[in-house]
Structure formats: C-alpha cells, structure tokens
Amino acid sequence: MTVKTLSELLECTCIAGHGGLERTVTGGYVGDFLSWVMGHAEENSAWITVMGNINAVAVALLADVSCIILCDGAHLDEDARRRADENNIPVLASSKPAFALALALGKALGL
Amino acid sequence: MSSSSVQPIVQLYEVPGNDFTRAGEASSKVKGILKKLGYDPDAIRRVSIAMYEGEINMVIHANGGIARVEIFPDRVEILLSDQGPGIADVEKAMEEGYSTAPDEVRALGFGAGMGLPNMKKCCDEFRIDTAIGKGTDVYMIIRVRGSKS
C-alpha cells in the first residue's frame, strides 16, 4: 500500500514531504524515543509518534520508514517540515490518538 | 586481489557540538554515498543507524567531534572521535536503558539509553576507547552480509 492510500484511509492530512507519497508501507511502529525507533522500527513502516522535531525526520530518513504519522494533533516544527520536504519523507497529521491510528493501520494492511 | 587491498573511499566530517538541528548530516551524507555506490540496503541501514546514534552521542555528551568513514567494497569502517569528558563506566553505558543525558535532551526524544546498544547491534566489530577528561573513540565495522571478509 502506498503512503497516499494509507493517508486517505486513516483520514490524515499530508503536511510535508509530498514527494514521498508513493512510497510503500508494509508495517507500523509506535513510539517517541528516537533511539528506540531506530533500534526497532522495520523498514517501510508507518511511524506513529508525537515527535515533530527535525531529529524525528532524521530518524525517519536513516531508519527507512515510509512516513511519519503525527498523532494527537502533535505539532511539526518548521525546520522539520523543511527537512521532510527536502528528503521526501511524508508527514501525515491526525488528531486521533496513537492507539486508534495503529488499529486503523493494522486493518488497512490486513494485519 | 583481496578486497582488503582496495583503496577505500575516505570521508571526514565534523560533528558540531550542541546543535541538534545539524546532527545527522554526516550520516545522511554517508547514506547517500552508499546508495549511489549500490550497497546492500541492510548494510546501508546499519551504517546509517550506528553512525547517527554516534553523532547524537557526540552532540549530547562531547560538544561534537570528528567522524572518519572509510568505505570498502565489503565493509564500512567508522571512527567517531571526540574530546569530551570520556565515559566513566563503559559497561554500564552499554546497558539498555542506562543514560546520563539531561532532561532537555530527553524532551527532544533522545536519552533513552539505547544509543550505544543500538550501535553495537548494528556492527560486526565495535570498540570503545575512552579516557576520563580526554575523550572517546568509537570504532565500528559494518560488513556487507554475504561478502567475503
């Protein structure tokens, strides 16, 4: 499934990194501690978090996750937005909590 | 000819101290080079993660440092060198969940105590040389799996 399709199914709004919307999503990860995410998130995961800073974008890039889903209406910093645009890391915004998004992601992926 | 006699591509990066907005630049550049060279994605990911964690450590604890990266056909060797305070208890620092990072760093999402364990997990060889008041060298080798070492 593409990030774009996932974004529509989860009723998210893409707020940065539109160039990466055709990337494939095959799984998910939920977490806010960046090293934890680096150590455990699998490649091509949709990463659900409240971390909207520039380091989160760096982690997404280096750990090869497909997109960042900012849950609970979490804020995306301006420098993070720029970095996400430069590197085509889609950032999807949602007002829903992490648990609801993880459930919806699992359903969308048929897991 | 064995691959060990091949001249590596050498990259040198300065990691700025206390600047979290620039942390990750060196790892991103190395990742870009390895991608262009067509390296195995698993090796690229391990290099990226190990190097980023190392960069962050130098930013948080050592007021920056130097990253020297040597890219061979079958492996990537990384030396992270800083002149920070040194690590008082390396064994403790290697434990998952142990961290001496200050609260403001935790607020950014770091300081989970997973940095060094993550680095070690990504590497085929991992060594720390540290001296209190002098600094720390972290030496890492990541081999391309399936290649002859």
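Modeller: Two residues are in contact if their C-beta atoms, placed from the backbone, lie within 7 Å. The model is predicted: local features need pLDDT of at least 70 and side-chain atom pairs count only at pLDDT 80 or more, whereas totals for chains, interfaces and linings use all residues. Residues are numbered from 1 along each chain as its sequence is written, with chains lettered from A and ligands numbered from 1 in the order in which they are written.

Colleague: What covers the buried residues of α1(B)?

Modeller: The cover includes α3 (54–62) of chain A, together with β1 (9–16), α2 and β2 (64–71) of chain B; helices (H or I, at least four residues) and strands (E, at least two) are DSSP runs, numbered from the N terminus.

Colleague: Which residues of α1(B) are called buried?

Modeller: The term asks for 20 or more other C-beta atoms within 10 Å of a residue's own, with 12 or fewer for exposed and partly exposed in between; B:Ala26, B:Ser27, B:Val30, B:Lys31 and B:Leu34 are therefore called buried.

Colleague: Why do the buried residues of α1(B) line one face of the helix?

Modeller: Seen down the axis, they fall within an arc of 135 degrees, so they line one face, the arc being that of the directions from the helix axis to the C-beta atoms. The face turned away carries the exposed B:Gly32, B:Lys35 and B:Lys36.
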